[in-house]
Structures are given as C-alpha cells and as structure tokens.
Amino acid sequence: MNGIKIMRIAVVLLGLAAIATSCQTRAQQIIASTQSQVDTDSDGLSDQLEQSLLTQFAPAFMIGKKECSNLPAEFRVATVSPDPQEENGTIYGQVFPAHSSTSAAPTAEIHYYHLWSKDCGAHAHPLDAEHVSVLVRASANDSIKAKWKAIYWYAAAHENTVCDVSQISRASTIHAADQGAKVWISPSKHASYLDERLCQGGCGADKCEAMVALPPGKLINLGEPGAPMNGSLFAESKQWPLAKKMRESNFPDEPVARLEELPDTEIAWFNPGRHPAQGVISASGSTYNALSTSGQNTSAAISVAQDSTGTALEKSYNSTVHALGASTRKVAKALHVTPTEEKKPE
Ligand SMILES: [Ca+2]
Ligand SMILES: [Ca+2]
C-alpha cells in the first residue's frame, strides 16, 4: 500500500470519527434537553428548574439544641399515612408558578416544609407540619439561564390559631435576596421566625434558647397536590394540614401591599388584627411581656433596624405595649395562661 492510499484511508477514518462524535454530541444534547423538559408534577416548571431553585434558596434553619422531637423527619415513601422513618433533618420542598408570573418575568413560589414526628410543646400532638416560603423572580424569560432573586419571605408561626404570629418580609430586609434566609424554629412547637428576637418574644411558650444550626440533610421535592413526587403520598393525608398549606399562596395581594407601605427595615405580621385580642405573648417566670399586633403604624410590624440606644424592636415594643391592657389578659385567658405579675416594659 503506497503512502497516498494510506493517507486517503486515514482521512476517511477521521471523517467517520468526526461524524460519530457529532452524532453522540447531538444525542447528548437531545437527552439533556429532554431531561430539562421533564415536569413530573405538571405545574409548568421543569423538575430541573424546581430542584435548582430549591437548592439556591434553601433556608439556614436554627433549631433548639434540646429539641424534644430531635430533627425534622424523613417520611416513608409510597405510604398514604405519614410514617416518620428517620429524624434526620430532611427538608421537603414545593415549587410552583406564582399568580403574578408572566412570560417576561417568570415568578415562582417556593415552600420549605420542616415536618416533625411530633409537636411536644403545650397541647402536644403527633405529627407537625410547619413551613417557610419565598417568592422568587427570574431576571429574564429564559427561566433556566436567568438569574433568580428572592422578593419576599414568609414564616409560619402558629398559623390559623389565636397565637398566629406568622411574618412576611422583603428579602432584602433579612439579607436573603440571593440565597436562603436564616430561620429560627421554636423548640417543641416548631413555629418559624425570620428574626431571632421574634422567637424570643413569641407566642405561648416560644423561646429560642441554645439554638444550633440544623445539620445539612436531604432536600426532597414533594410535587404538587394531586401530583406527588418522590413517593410523597403522605402529603395528602388528613392526619395533618400539609396539603392545605401546599394549596395556599403565602403572598396574596393584601399583606404584600401592607408590607410595601412600611419602611424597608420592618417585618410585617401576616395577619395583623386577625384576632381582636391578638398579641405576641411570652409567659416566662413571673414576667408577662407583650408586643402589640394591632395593625396600626409601628404595631403592624417589627422593625429590625438597630440604633445606638438599642433596637427599634424594643422601641416599638415600648410604644405599643401600653395599648394592650385588657386585650393582653384576654389572650392570656385564651391561652390558659395566668400571669402572676404584670410587668411594664423597662
Ligand atoms: Ca414541575
Ligand atoms: Ca412543583
């Protein structure tokens, strides 16, 4: 075989190799594209995007060192009745298009659920479904390539009870526009707070003491109501209100509009004045403290601003606590708490 023939064969082989590589790359692109289009829970957001957003905005949870339910639990898959398999710090997520989403500015709501095998505080009960939420918006219409930013955060605290002290905040206020917020979970009752001081003065027996960071654990997408992912059939169980929490938006127009009227240093109550006698009550020892949530001016919010003479939170507390009076006692009665001494703030 002369040199010219060898060269021709080599060129042909190289050509074939190039074609094979091209076909392989194309196939890989098709597979990747197909994977990015998979939408298991049929809500219009791909599994890939949902997991990416869940990871980017995963909160940094703080829990009690002596938490009586140990860690948020992972629940047995493919089981309709919630069955805590292991208390290992698993966090469950849900991502769905927000009602304000447009093709120009895709917007999604994310819920992070910390699910416990039990509530072991006052009025204890088995199973405890708690959560925080965030509203996130894309910088461009390509939701995969776009940069996503958080706009508002919500933390559920004693939702739908006389003690409801759930909060809503601008993401920038709590330094959580690009990543997850720091969230304090009250030991035993598992109420979520966007500011540690709110937990310290929380409702009932809430008190955040000896708090430690929740160790990194699994982050599992629950899917949507009626369209579970990852075997999370337990989400629909009537044994807990998880499905109800999954069906509700935590960013309806009214609280968002109310928050936008406040200075950007403030966190707003989600339900100010929802209950006429509502207050944030802390019964600790013989001291009976309260924060107003009457929905007026500073009492509609908690300021997280600092100043040289102390926190604005304390100022707000001082300026509103006198308004509580009889209403404080009504809440105490509702909570079955009897203060032995009512002390004015210092
Ligand atoms: Ca989806
Ligand atoms: Ca989803």
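Reader: How many helices and strands does the chain have?

Author: The chain has seven helices and 20 strands; helices (H or I, at least four residues) and strands (E, at least two) are DSSP runs, numbered from the N terminus. This is a predicted model, in which local features need pLDDT of at least 70 and side-chain atom pairs count only at pLDDT 80 or more, while totals for chains, interfaces and linings use all residues. Residues are numbered from 1 along each chain as its sequence is written, and chains are lettered from A and ligands numbered from 1 in the order in which they are written.

Reader: Why does valine 134 count as buried?

Author: A residue is buried if 20 or more other C-beta atoms, placed from the backbone, lie within 10 Å of its own, exposed if 12 or fewer, and partly exposed in between. Valine 134 has 28 C-beta neighbours inside 10 Å, and therefore counts as buried. This valine 134 is found in strand S6. In the chain of 346 residues, buried residues make up 38%.

Reader: Which residues is valine 134 in contact with, leaving aside its neighbours within four places in sequence?

Author: Valine 134 is in contact with Phe57, Ile110, Ala150 and Trp153, where contact requires C-beta atoms, placed from the backbone, to lie within 7 Å. Valine 136, with residues up to four places away again not counted, touches Leu53, Phe57, Ala108, Ile110, Trp148, Lys149, Ala150 and Ile151.

Reader: What makes a set of residues a nonpolar core?

Author: The members must be buried Ala, Val, Leu, Ile, Met, Phe, Trp, Tyr and Cys residues, joined through C-beta atoms within 7 Å. The largest such core has 60 residues, and among those that touch the most other members are Leu53, Ile110, Val136 and Trp153. Strand S6 (residues 125–138) gives the largest share of this core, seven residues.

Reader: How do you know that strand S1 and strand S9 pair?

Author: Two strands pair if DSSP finds at least two bridges between them. Strand S1 (residues 60–64) and strand S9 (residues 182–185) have three bridges, in the parallel sense, and therefore pair. Alanine 60 stands opposite lysine 182, and phenylalanine 61 has valine 183 as its bridge partner.

Reader: Which strand runs antiparallel to S1, and which to S9?

Author: S1 is joined to strand S11 (residues 211–213) by three bridges, with isoleucine 63 opposite valine 212. S9 is joined to strand S10 (residues 192–193) by two bridges, and tyrosine 193 is the partner of tryptophan 184. Six residues lie between the strands of the S9 and S10 hairpin, where serine 188 takes a positive phi near 80°.

Methods
Contact = placed C-beta atoms within 7 Å.
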